Amino acid sequence: MNRQVLLFICLHCLNSAVGQVSYSIPEELAKGSLVGNIAQDLGLEMKRMISGKAQIYSRNTEEYIELNRDRGVLLVKERIDREALCTETALCAVHFQIILENPMEFYSVTVQITDINDNPPAFEKGEMKFKISESAIAGAKFVLERAADLDVGINDLQRYELKPTNNFALKLQNSPDGSKIVEMVLQKPLDREKDEQISLVLTAVDGGEPQMSGTMLIVITVLDANDNAPVFTQPTYKATVTEHSPKGTVVAAVKASDADHGSNGRITYSITNTLDNVRTQFKVNTENGEVSLIGDIDFEKARHFQINLLASDEGGLTDSCKLIVDVTDINDNKPEINIMSKSNVIAEDAKLNTVVTMINIEDKDSGENGDVKCHISENIPFTLKASTNNFYSLITDSDLDRERSSEYNITVSCSDEGVPSLSSSVTLTLQISDVNDNAPVFERSSYEAYIVENNTPGLSIFTVKARDADWKQNARVSYILEDSSVNGVPVSSFVSVSADSGVIHAVRSFDYEQIKDFHFRVKAQDGGSPSLSSNVSVKILIQDQNDNPPQVLYPVQTGGSLVAEMVPRSADVGYLVSKVVAVDVDSGQNAWLSYKLQKATDRALFEVGLQNGEIRTIRQVSDKDAVKQRLAVIVEDNGQPSRSATVIVNVAVADSFPEVLSEFTDFPHDKEYNDNLTFYLVLALAVVSFLFITCLVVIISVKIYRWRQSRILYHSGLPVIPYYPPRYSDTLGTGTLPHVYNYEVCRTTDSRKSDCKFGTAGSQNVLIMDPSSTGTMQRIQSEKSILDEADSPLEVRNIY
């Protein structure tokens with residue numbers, strides 16, 4: 001048989017493609033037979049069939065058609081018996097959907113199953129018996145059992161034949177439902193004495209190719225006269241019954257009457273249905289004609305029944321009628337929710353109207369009981385969009401944000417319009433996959449941190465922290481120090497940033513006096529692709545530490561001269577002698593200076609201002625006060641611990657310069673005060689030790705040298721004449737000798753030829769008045785001798 005293919009495609013403008021294709025194939029095709037080229041008929045390429053994971057979705061549990069994805073064709077999966085597949089309908093079809101993913105698409109496919117003549121007409125009983133009175137008149141009718149043919153159309157039952165036809169003829173009547181009523185009509189009276197029993201053969205023939213038939217034997221026993229047949233009150237009865245009515249429920253009652261008396265007037269009722277399931281659902285009371293339920297009536301399986309009833313008397317006469325029973329539907333079926341295809345994960349940057357899940361809804365009830373409406377949870381970025389034939393698509397209707405919600409439990413609820421309404425629901429779990437759409441965000445808009453100067457390199461200063469609302473790798477934050485410079489020096493030489501933790505470390509030791517603060521920027525970058533970043537400004541402030549002692553600016557401490565402040569003996573109380581001026585390069589309280597008098601020749605004469613360093617007299621100067629006054633002033637800062645510096649102030653209490661000069665002439669230069677006595681003691685000890693060793697070496701060398709010279713002179717035989725100079729020289733100019741002589745000694749191997757040369761006096765004492773300084777006198781002593789030694793000048797300054 002040639003396969004007929006009917007193709008019909010309808011495309012709708014939906015988010016997921018919708019189409020319909022129809023094919024027609026005969027039943028009983030062998031497994032693997034070709035149904036149709038679905039890829040070609042739908043206009044799909046083979047690679048789309050493969051990449052979209054094309055598959056068949058069917059509501060039924062049994063699948064008769066399979067999809068060959070590689071070839072793009074539909075094949076017969078199992079042998080199809082049209083009569084078993086479609087028991088009550090003439091038109092038989094298999095419905096299913098072709099589902100594709102990425103993007104989601106579905107197409108409806110209908111495969112019509114055409115009938116072949118594979119079933120002969122058949123009678124339920126192989127033999128039917130009648131008892132007919134010989135008095136039966138011509139024209140009496142006897143209803144025969146109908147044959148049933150599972151095939152349809154031309155292959156269905158077409159005609160009946162009755163043989164022999166000596167006494168009976170066959171008569172067919174059309175019923176309102178299209179079926180045939182087969183009656184055997186008496187043509188001429190029977191004669192029991194001639195034929196006590198008559199055998200007839202009823203043959204049912206279909207119209208298929210090849211033609212098939214079935215037979216039933218009719219055995220007629222001729223009885224004595226029963227001249228009245230039973231008669232039903234009406235040829236057709238109608239009744240309704242609610243599905244799932246309890247067993248024993250009386251559906252209807254039929255009534256027939258017989259004019260005969262006695263046993264010939266006793267009527268018996270029976271059901272004559274053969275191949276359908278009427279006898280499994282109904283029974284008739286043989287005596288009173290009540291039809292009642294013996295099975296469970298389900299509207300979804302059968303919506304109406306036709307019950308053929310027979311009334312017969314004991315004389316063999318019969319009459320027939322039919323009972324039409326309509327089944328009333330009740331809302332006894334919940335909507336069925338079938339997930340055709342779904343995605344478990346969707347990216348948060350998915351576009352609007354992206355199809356997430358495709359759903360098919362089916363309610364087996366009818367009318368309002370089968371009308372279904374579906375809805376989903378509220379306040380979620382999804383919506384349920386209805387398409388055709390109870391198909392729904394779950395699509396996105398707003399932007400997704402994994403950071404707001406990483407998972408959605410979407411409940412799809414469907415309810416029918418029945419009373420009471422029945423509903424069903426299914427929960428879909430949808431994960432939102434992360435995309436790198438959030439840059440790291442620092443906890444602060446800017447950072448400010450403090451570090452004490454003189455820190456250890458590598459010290460942790462503080463930590464910057466940024467958070468990324470994304471997930472996993474997209475939320476992994478790395479910290480980077482942006483390139484910049486501080487006073488022309490790269491910032492990387494000042495600080496470093498830990499890439500993982502954001503801890504900022506000091507690379508060097510900071511000095512507050514060199515740099516007080518500096519700025520730089522730290523970038524936080526996530527691990528997404530492409531990566532996102534943000535930066536923040538960081539300010540580091542160096543905190544001062546008391547690491548610098550005060551520095552005395554005045555009076556200036558010089559190693560080559562002595563400075564003395566002059567105070568007249570007529571000075572009153574509070575007379576300003578001098579002022580110690582000092583600074584501290586530290587800041588804050590570390591630079592707050594205070595002045596104290598540490599030592600003084602006469603503590604009762606002078607005081608020092610605590611805050612301003614002014615040296616003033618605290619009593620009237622008297623004649624008994626020494627001319628030479630030595631003050632040690634200590635300058636302390638306010639740091640913890642505090643640091644200090646000491647300055648020596650020489651004060652001359654006198655009214656004239658000559659008095660000052662005479663007093664300060666004997667001021668030894670080696671008595672200059674030092675605040676660190678230990679250092680100088682150690683230094684002096686080292687110098688003395690060095691000089692002692694040097695002298696010892698020189699003496700030994702001289703001794704050896706003289707011994708060697710004596711040996712030379714001894715061997716030469718020359719006399720030794722010692723020479724003594726007439727005067728000794730006082731090289732310092734402070735002894736009792738009034739003059740200094742320079743002399744030269746020249747000696748040969750013959751001492752008698754030695755010569756001695758005397759020079760003139762070379763010492764002068766000069767007093768010089770410096771005209772550039774009012775009230776200032778300088779005394780300079782310059783001496784030139786064989787030692788070339790000079791005294792340090794003494795400078796005396798008087799402040800008025």
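Two residues are in contact when their heavy atoms lie within 4.5 Å. In this predicted model, consider the contacts between residues at least 6 apart in sequence: 65% of them join residues at least 24 apart.

The protein has 800 residues, and 40% of them are buried. Its secondary structure comprises 56 strands and six helices. The accessible surface comes to about 44,700 Å². Carbon and sulfur atoms account for 51% of that area.

Turn next to the largest nonpolar core. It holds 29 residues. Those touching the most other members are V495, I504, F518, F520, V522, V538 and I540. Several strands give two or more residues each to this core: β33 (446-452), β34 (460-463), β36 (477-481), β39 (495-497), β40 (503-506), β41 (517-526) and β42 (533-543).

Leave out residues up to four places away in sequence, and V495 touches I461, L481, I504, H505, V507, F510, F518 and F520. Of these, I504, F518 and F520 are also among the core members with the most such neighbours.

Now a charged residue. D298 sits in the loop between β21 (290-293) and β22 (304-313). D298 is buried. What is the nearest side chain of opposite charge to D298? It is K301, 4.7 Å away. A salt bridge requires a distance within 4 Å, so D298 has none. The side chain of D298 does have a polar atom 3.1 Å from the backbone nitrogen of E300. Beyond its neighbours within four places in sequence, D298 is in contact with E243, H244 and D332.

Conventions. Residues numbered from 1 in each chain as written. Predicted model: local features only at pLDDT ≥ 70, side-chain atom pairs only at ≥ 80, totals over all residues. Heavy atoms only, no water. Helix = DSSP H or I, 4+ residues; strand = E, 2+ residues; numbered from the N terminus. Buried < 20%, exposed > 50% of the residue type's maximum accessible area, 1.4 Å probe, protein only. Lys, Arg positive; Asp, Glu negative; His and termini not counted. Polar contact = N/O pair within 3.5 Å; in protein donor to acceptor, adjacent residues only side chain to side chain. Core = buried A, V, L, I, M, F, W, Y, C linked by side-chain atoms within 4.5 Å. Areas by Shrake-Rupley, 256 points an atom, 1.4 Å probe, with all protein chains shown as cover.
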